[in-house]
Amino acid sequence: MPYQEVNFDGLIGPSHNYAGLSPGNLASNQHKGQIASPRQAALQGLEKMWRLVQLGQTQGVLPPACRPDFDTLRRLGFHGNSEQVLSQAHRQAPHLLAACYSASSMWAANAATVSSSLDSPDKRIHFTPANLITTFHRAIETTSSGTLLQRIFPNPKHFYHHPSLPAQSHFADEGAANHTCLCPTHRHPGLTLLVYGRGNQTATPQRFPARQTQAACEALIRQHNLSTSHVLLAQQNPKVIDQGVFHHDVIGVGQRNLLLLHQDAWVNQASLLYRLQQQWQRLESDTPLIIHQINRQDLSVKNAVDSYLFNSQLISLADQTMLLLAPANCLASPQAQNAIDQLIDGPNPVNAVEYIDLTQSMNNGGGPACLRLRVPMSETELAAVHSPVLLNEPLYQQLKNWINRHYRDQLAPEDLADPHLANEICTALEQLTEILALPHLYSFQV
């Protein structure tokens with residue numbers, strides 16, 4: 001039965017703004033308070049999705065969370081009608097208003113951890129929504145993300161939805177941004193790589209928070225009932241977390257039998273890569289595991305963070321080669337350009353690179369890989385997906401027109417107090433649920 005990896009990208013929402021809400025995300029903090037363009041952001045994200053369709057990939061669209069989150073604002077003690085709630089929050093706690101307006105659900109790599117049916121004893125795809133408890137503005141996404149995934153992947157014969165891990169710091173979980181499945185092909189079982197920043201009696205970063213814990217990774221292994229012989233846990237290097245590597249996908253990316261990794265990504269990296277190769281042998285495949293490690297002399301951690309090279313997408317093409325879909329920021333970095341040239345010239349499946357303009361997302365600290373949730377699927381499983389979210393040319397044109405009709409060209413921090421903005425967003429999302437055939441998705445529709 002043919003398998004493929006399907007990308008489900010978060011559609012960037014109408015409240016896209018630069019509030020600088022994520023400690024450790026350098027780009028987010030550098031652009032705090034600047035004027036954002038929600039329309040440009042959403043169009044850039046949509047063009048990236050459409051490019052994957054043009055490359056022969058199956059591409060899904062995940063609608064944004066409803067913002068502002070009035071339920072959370074009311075739980076925090078703001079009273080009255082919607083306009084009064086916004087006014088009170090803006091006067092008394094503008095940082096809470098900004099958090100409840102955040103469009104961060106666009107970074108679908110943090111929505112959940114996903115295990116292929118090929119790696120699951122019950123032969124179902126397993127989903128666990130990330131609890132995202134390290135930052136408040138992201139923690140409020142968990143319930144809506146879980147609900148959305150159940151609507152997009154509804155058939156219990158093929159999909160199993162777990163609850164998120166307990167919302168406690170010991171189990172801090174940031175989803176697929178710290179998870180990679182390496183496999184000979186998407187038709188074969190693979191190796192699950194889970195990367196954590198905070199473990200049991202291990203060194204921790206001193207400047208920025210470690211967002212994924214070892215305990216969370218171990219709980220995910222148990223939830224998804226993964227074979228421990230096909231799992232590798234690796235600890236993020238705390239020194240690189242303190243340099244802005246807040247998720248593993250800022251310093252490493254894998255696809256099929258290729259792992260692209262910076263030399264300083266993990267603690268005890270050499271021994272872990274040796275173990276990974278040993279585990280690969282147990283898969284009994286003639287396909288070799290290729291580890292392309294970029295040395296710190298060729299690309300510093302600072303340049304890796306500035307360029308977001310490792311947040312590129314590796315895309316498997318029909319001829320079994322791979323394309324590196326890299327953020328346009330890489331063009332401004334000679335080190336990143338040299339690293340890409342070495343990758344393409346090296347003994348690995350990558351033989352081409354394309355650059356994608358995601359400036360609006362990048363200014364908030366999210367590149368190509370941040371925007372997508374990867375779901376390996378068989379044809380039967382794909383047929384069980386809520387198909388109106390799968391991107392084709394008519395849907396692409398519909399979404400493009402919808403964005404141009406409903407999104408503001410500019411959004412400044414003070415605009416979050418404008419009650420008209422909240423009304424505009426509700427109107428836009430109401431129409432989006434009609435386009436994607438997802439009635440009653442949002443609380444204001446119930």
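Guide: Helix axes are lines fitted to C-alpha atoms, over the stretch in contact, and angles run from 0 to 180 degrees between N-to-C directions. The model above is predicted, so that local features need pLDDT of at least 70 and side-chain atom pairs count only at pLDDT 80 or more, while totals for chains, interfaces and linings use all residues. Residues are numbered from 1 along each chain as its sequence is written, and side-chain values use heavy atoms, with hydrogens and water left out.

Visitor: Why are α4 and α5 called oblique to each other?

Guide: Helix α4 (residues 82-92) and helix α5 (residues 94-101) pack at about 125°, with their axes 5 Å apart. Angles under 35 degrees count as roughly parallel, over 145 as roughly antiparallel, 65 to 115 as roughly perpendicular and the rest as oblique, and therefore α4 and α5 are oblique.

Visitor: What makes phenylalanine 127 and phenylalanine 159 an edge-to-face pair?

Guide: Rings of Phe, Tyr and Trp (its six-membered ring) pair if their centres lie within 6.5 Å, and planes under 30 degrees apart count as stacked, over 60 as edge-to-face and the rest as tilted. Here the centres are 6.3 Å apart with 65° between the planes, which makes the pair edge-to-face.

Visitor: Why is cysteine 183 called buried?

Guide: Buried means under 20% relative accessible area, exposed over 50% and partly exposed in between (1.4 Å probe, protein chains only); cysteine 183 has 4%, so cysteine 183 is buried.

Methods
Helix = DSSP H or I, 4+ residues; strand = E, 2+ residues; numbered from the N terminus.
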